[in-house]
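Hi,

Here is the structure I said I would pass on.

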Amino acid sequence: MTDRNDTISREMFIAELMRYRKGSVTRRHFLGVTGLGLATTVLGSAVPGLRGAAWAQADIGDRVVLASWPNYHDPANFEAFQTATGAAVDLSVFGSNEEMLAKLQAGGSGWDVFVPTNYTISTYVAEDLIEALDLSRIPNYDLASFDPRFAEPGTVDGVVYAVSRNWGTTGYAVNTAQTGGKKLTSWKEFWDITRAEFSGRTMVHDYQLTTIGNALKYFGYSFNSIDPKELADAEKLLLEVKPHLFAINSDYQPSMRSGDAWMTMCWTGDGKQLHRDIPEIEYVLGSEGGELWSDFLAIPKGAPHLDAAYALINYLLDPAVNVKEVLFHGYPVADKRVDALLPPEILNDPIMYPAADLLSPLEFGAAVTLTDPGRAELMARFKSA
Amino acid sequence: MLVLPLVVVFVFSFGERGPAGGYVPAFTFDNFLNLGTRWAAFKNTLVLAPVGTLACLLIAYPLAYFLAIRAGDRWKTLLLILVIVPFWTSILIRSYAWIFLLGGQGLPALLDSLGLGNPRLINTPFAVLVGIVYGYLPLMVFPIYVSLERLDKRLLEASSDLGCPPARTFLNVTLPLSMAGVATGCMLVFILLMGEFLIPAMLGGGKVFFVGNALVDLFLQSRNWAFGSAVAVALVLVMLVTVTAYMRATRRWAGGRDDVSLM
């Protein structure tokens, strides 16, 4: 072990610098052995402008564990957080809210911060799995600047359990190079083309809410239906489609990028990221409707690094940080302060901010779908078929 | 301590799913009556586990034979290291490499450029089989290698001195004497394969589903611990039956020879 307080010789410093430049050591190692990391931290806390930032104040430990979604965070923001606070962000990503709930129900998740979706929060409260937030420790949360439609599900019975991170829609991404220029517009077309020209090329989420919900839309039922007859119709469709699927996976970007998959159920930000890099991949909202959602930052009961959890949430809500997150992940946020910092081409982006006539048929997920045994078992049967 | 988890699973298998998932105590056979809905997963496992074991054996035996009998000392060390090294990283990481290799831009693209067609490989039973053979090969190679290494080479010389052609020496001397390693390797690979879930999840894309995947789903997605426990109990029973049958078969086949030690 290197004692970080030891002084380092000039030769050693240059040697370490060269190693770092060649990429043979990490930045963390470089800052550690040279003492620059310590110096940065000391300087950081001595400069008044930086000291003002609440997340840089106290010693919060050396790590914070975050449970979130794929392609959802700018790694540069986490690096800056670590440089400022000394806490490394230990990120794990999930494919569905059900998976997150299962981990928390089993106990001992070890998470400090997690990112639940609107419809799950009331269940987390009922199951006593989520910490009521002490808003005095999140000074960057300014309720007045948030769109209440997306921020309100974080409050249950007048208590704030979760603060708004961003919102989005669930549609599908389609590689138009494979449709012969034909535009797709509906869920009906999504499921029909999968059983025809796109056989073996379509992906659906490993997630009951969206996969069952969008199958329900084929018949014009509610995205949130738990009616046994309607679910039976959805199951019949899903079982018919299954042999034609490329995969059942919520991390679909790699397959869309490699060209193995031509179409996938897709969230706003993934659609934006794919379209940005491969313009022929377009994002479609089904004309029948589908899901409108908002995600939150929250702390699970028993979080091992509570100080770090508050520091990370507060950091991510800093508009200057959040704007970088948006530019990275391509999801709209409900925070007016962030919108003010975004360039106009982002604010006018049709993927991120769909037209009103496309938005209006969308539904928020309903809490009952999270725990309904019929939907859970349908999804499990579909996967094991 | 060893049986305690099994007892918990057994008790849970007669319970019910809680309103928000998990487990509530009850006494019902519903979970077992519902097992038919997982038939496809059992079928996939019961087909691909033996086929995977056999494929491992067919590749591992020549390799082990070469290592133990034909290879010179320097080659032997190098090859043994090559067999072991992949074990040093997680199967998860190595499966990602296979996702790329079997994906559209990997082997199929190569075959296409050679004019041999552009087959779908990833997310098929074949891809899962490749992953299985790759992941479990060392477990098959080592027991066979050890049994061949211990084989008294003078027996082979004696056989050839008495005018036996190499093929018959192999069939009548080498193969029977290495059967212990083969039996151990097959048992080891088969038992582990019956519980496998990672390789089908990574290379099967949710389309090639093992009982292990059904279990992961029931515990980690639909949170039906009671039904999950019933599936687990059923899997243990299936293993008990198949493994017992396998042991009986090998024992009868070996004609009661005591050098065929199984476990």
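**Two helices in chain B**

Let's start where Leu155(B), Leu156(B), Ser159(B) and Ser160(B) of H8(B) meet Thr169(B), Val173(B) and Thr174(B) of H9(B). Sorted by class, that contact between H8(B) and H9(B) holds three nonpolar and four polar residues, with no charged ones. Keep in mind that this is a predicted model.

How do the two helices sit against each other? Helix H8 of chain B covers residues 153–161 and helix H9 of chain B covers residues 166–177; their axes come within 10 Å and cross at roughly 145°. The crossing of H8(B) past H9(B) is right-handed.

**Where the chains touch**

On to the interface: 28 residues of chain B are in contact with 28 residues of chain A. On the chain B side, helix H3 (39–70) and helix H12 (211–220) each supply at least two of the residues that touch chain A. Which one gives the most to that side? H12(B) does, with five residues. Taken by class, the side of chain B that touches chain A has ten nonpolar, twelve polar and six charged residues.

**One residue to look up**

Is Leu54(B) buried, exposed or partly exposed? Leu54(B) counts as partly exposed, because it has 14 C-beta neighbours inside 10 Å, and a residue needs 20 or more to be buried and 12 or fewer to be exposed. Leu54(B) and Phe190(B) are 136 residues apart in sequence, yet their C-alpha atoms are 9.1 Å apart in space.

Cheers

Notes
Residues are numbered from 1 along each chain as its sequence is written. Chains are lettered from A and ligands numbered from 1 in the order in which they are written. This is a predicted model: local features need pLDDT of at least 70, side-chain atom pairs count only at pLDDT 80 or more; totals for chains, interfaces and linings use all residues. Two residues are in contact if their C-beta atoms, placed from the backbone, lie within 7 Å. Helices (H or I, at least four residues) and strands (E, at least two) are DSSP runs, numbered from the N terminus. Ala, Val, Leu, Ile, Met, Phe, Trp, Tyr, Cys and Pro count as nonpolar, Asp, Glu, Lys and Arg as charged, and the others, Gly among them, as polar. Axes are lines fitted to C-alpha atoms, for helices over the stretch in contact, and angles run from 0 to 180 degrees between N-to-C directions. A crossing is left-handed if the near helix is turned anticlockwise from the far one by less than a right angle, and right-handed if clockwise.
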